[in-house]
Amino acid sequence: MTSADNLYFIITRKPEYQLHINAGRICYISKKTHRGELQRCHSPTKLPVFFVGSYTSLDYNIEVSSMEELSAEEAELLLAVPEDAERLRWSRDKDALRAALRLTKGTAVTVDEGGQKLRGIIRYIGKLTEPTISCPLTGTFFGVELQGADRGKGNTNGSYRYNAFFSCAKDCGIFAPFSRLRPSVPSPVSPPISEPSPQLETEELISGDRVTFFISDKCRHGMVVDVQEKDGQHIVRISTDTDENGKRGGEIEVPIQLVAKGEVPAEPESMDIDTALEEQNTDYLYMDLSVNSLVEVTLGSGNSYGIIRWIGTLPDRQEIMAGLELEEDKGVSDGTFKTERFFVCPPKRALFVKLSSCRPDSRFQSTSANHSETMPKQEDTESETEHNSGKLETVPPISAEQVNQILIGRMRGIQGHCNSCYMDAALFSLFACSSVLDSMLFKTTDPQDAPIQNTLLHEIVNPLRSKGFVEGRHIMKLRQQLQKHGYSHSFTTDEKDPEEFLTIIMHHILALDPLLKLSAGGKVQESYCYQIFLDQNHSLVLPTVQQLLEHSFHSAGLKLAEVPSCLILQMPRFGKKFKMFDRIVPSLELDITDLLSEGPQQCMLCGKLAQEECTDCFKDPLFSHTGFKIFCKTCSTQVHAHPQRRSHHRAPLDIPKGYLGRGMPHTLTREKLELFAVLCIETSHYVSFIKYGPNSQDWIFFDSMADRQGESDGFNIPEVHACPEVSMYLKMSPAELANQVPRDMEGVAKRLFCDAYMYLYQSPSMCLYR
């Protein structure tokens with residue numbers, strides 16, 4: 001990708017969420033991506049951009065209002081300026097940029113070097129380093145040969161990092177950005193530097209202004225919500241103090257010519273005796289509204305829904321006000337009011353209204369028109385008390401005896417919202433009925449990461465285990481926190497892969513020790529998940545997970561350095577469409593004894609101490625159904641006496657000290673992991689299966705968006721239900737299972753066998769609760 005393929009911008013103010021990005025940074029977006037953004041939204045408020053010089057390949061969603069577009073030539077000039085703040089200041093001086101672009105070789109200039117003004121002549125104009133794929137633009141520098149008495153005061157002979165860009169005597173050259181150059185003879189196109197003139201403040205109405213407006217010759221008061229242009233006329237949206245009857249206020253749209261800034265004295269507005277101001281201000285006490293309450297308000301366009309993010313008084317206002325984060329872009333800010341920040345939310349989602357104008361969200365208070373479920377009440381006050389007191393309540397995972405009572409039913413599990421199914425399914429699988437990774441909920445973490453850990457424990461895992469339900473807003477809060485940390489600009493909107501989310505949580509946020517330690521060639525590699533890869537010569541048709549893992553380890557020359565507490569396996573599929581196998585048979589147990597790099601191993605034929613391994617026997621049809629091909633000396637000799645096996649490559653096994661000469665112990669403990677969850681995906685939607693008990697029928701199926709009622713307003717109905725039909729298929733022989741037509745399989749069994757994406761296994765001895 002060349003510089004001409006991109007659009008370039010400079011950050012003009014520090015982004016709200018990406019706190020590590022300074023104003024003055026240069027970023028870019030490909031023209032193709034930009035066209036796609038314009039097709040999706042004619043005037044996008046944010047753009048996904050990459051930063052020049054970034055150490056990562058992540059793109060960041062930056063507000064368009066926080067960026068100013070540059071030409072590629074201007075961006076190259078500014079990139080040579082070393083400091084972000086200085087770069088931003090020079091970007092505002094368009095005259096200086098235009099003058100720099102007109103400089104040519106042979107121009108006499110003065111160079112600012114260490115506080116001295118040195119005279120010289122431009123000998124080179126261009127880049128000093130080559131662009132790369134991740135950095136398609138580099139700075140434009142000016143190579144100057146010093147003249148007269150200033151010769152010898154430079155630092156180069158025209159070379160930079162062993163590359164010669166021009167030639168001059170030693171220490172008679174300087175490479176400098178345009179900001180340190182001045183033409184010796186100023187021209188009309190190169191005026192001196194001057195700071196931009198401050199903009200004069202206007203008396204235009206802005207959100208939050210107190211105003212007086214006139215309706216039907218009556219004078220009323222309110223607060224500006226927004227100013228819009230409709231049909232060539234400026235219209236002011238006003239949150240009114242009272243309605244036309246003198247009662248609770250709402251929202252109204254008024255032509256701007258009927259609005260005056262400030263509160264003009266007028267006759268008292270009519271008001272019923274029963275609705276005194278004090279009673280209006282305390283309405284919320286009787287409706288039990290507080291921070292994080294789901295509410296609705298009546299705006300000019302109808303009812304809008306949101307969450308209370310802040311309650312208090314605003315400057316110059318005596319009424320109790322509420323700061324709402326709306327579900328749709330019908331607000332006026334990102335949580336600021338007259339430049340003062342009260343909370344944080346996406347742009348155009350914040351709205352400040354009187355608390356008395358809010359009422360509980362009716363969608364969650366009464367029975368749905370199409371469904372008989374209501375939203376289970378969440379005891380947020382209890383959770384907040386626990387959170388604020390620092391108490392780390394330990395709620396054990398749901399036991400097999402409790403599953404029917406706590407988990408089974410509609411409005412159970414984790415409520416899906418806005419492409420969250422990958423996260424819903426992953427968290428449900430990990431924590432609903434298993435404690436194998438509970439250590440990351442309680443481990444000491446950095447102060448900046450503690451809020452994420454608290455949200456995970458107090459607002460997701462504990463409610464899931466104690467009440468069987470987690471509202472979608474708590475998952476959205478976790479996604480917002482991850483996005484604020486800068487890992488991805490689209491955590492709150494786009495679908496991710498479960499392994500990407502789990503790696504960020506376990507590695508980057510909570511710094512959990514890697515779950516998997518692999519031994520290869522005497523070196524140990526660490527990871528959190530293992531992706532199964534197979535060579536092209538495998539003979540598997542209807543494989544079990546056990547066979548897939550053994551073949552993958554064999555083809556890659558891997559062993560387990562130690563028994564993992566949790567083994568997360570990604571199936572051999574690429575993306576959401578291509579699957580290497582139409583069906584995979586779940587292995588309820590994984591026998592990893594022969595996969596361990598240390599410890600005695602049994603001969604696969606007689607059970608004695610194994611001393612040799614044969615890699616070629618993996619391809620032998622006689623042994624294709626068995627595990628690793630390891631033999632004692634006697635059996636290996638007999639097996640390889642066959643003419644077709646004499647050329648097989650055999651390798652000695654590492655035998656632990658003390659076993660040579662003693663043979664195999666009578667009882668070798670086999671190391672086994674048990675299956676506890678499976679994530680599946682079909683048509684970009686993740687669901688999960690949980691194996692929660694010892695019986696073959698102890699299976700449940702979870703879908704965070706089982707009923708996508710009113711998906712536009714975020715109200716999806718999650719569901720957990722039993723799926724005992726799975727056990728029937730697990731008992732079938734491979735031949736019987738191969739003859740099953742997927743679409744005719746009972747219940748949700750087809751999803752498990754045909755759509756498996758990730759298997760989760762645990763070591764029974766390493767779980768906190770059993």
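**Buried or exposed**

A residue is called buried if its relative accessible area is under 20%, exposed if over 50%, and partly exposed in between (1.4 Å probe, protein chains only). R180, at 25%, is partly exposed, and so is E113 at 22%.

This is a predicted model, where local features need pLDDT of at least 70, side-chain atom pairs count only at pLDDT 80 or more, and totals for chains, interfaces and linings use all residues. Residues are numbered from 1 along each chain as its sequence is written, and side-chain values use heavy atoms, leaving out hydrogens and water.

**Salt bridges**

A salt bridge here is a side-chain nitrogen of Lys or Arg within 4 Å of a carboxyl oxygen of Asp or Glu. The count comes to 24. One of them joins E113 and R180, at 2.2 Å from N to O. This pair ties together distant parts of the chain, 67 residues apart: E113 sits in strand β6, R180 in the loop between β11 and β12. (Strands, E, at least two residues, and helices, H or I, at least four, are DSSP runs numbered from the N terminus.)

R98 and D95 make another, with the closest N and O atoms 2.3 Å apart. They are three residues apart in helix α4, which means about one helical turn separates them.
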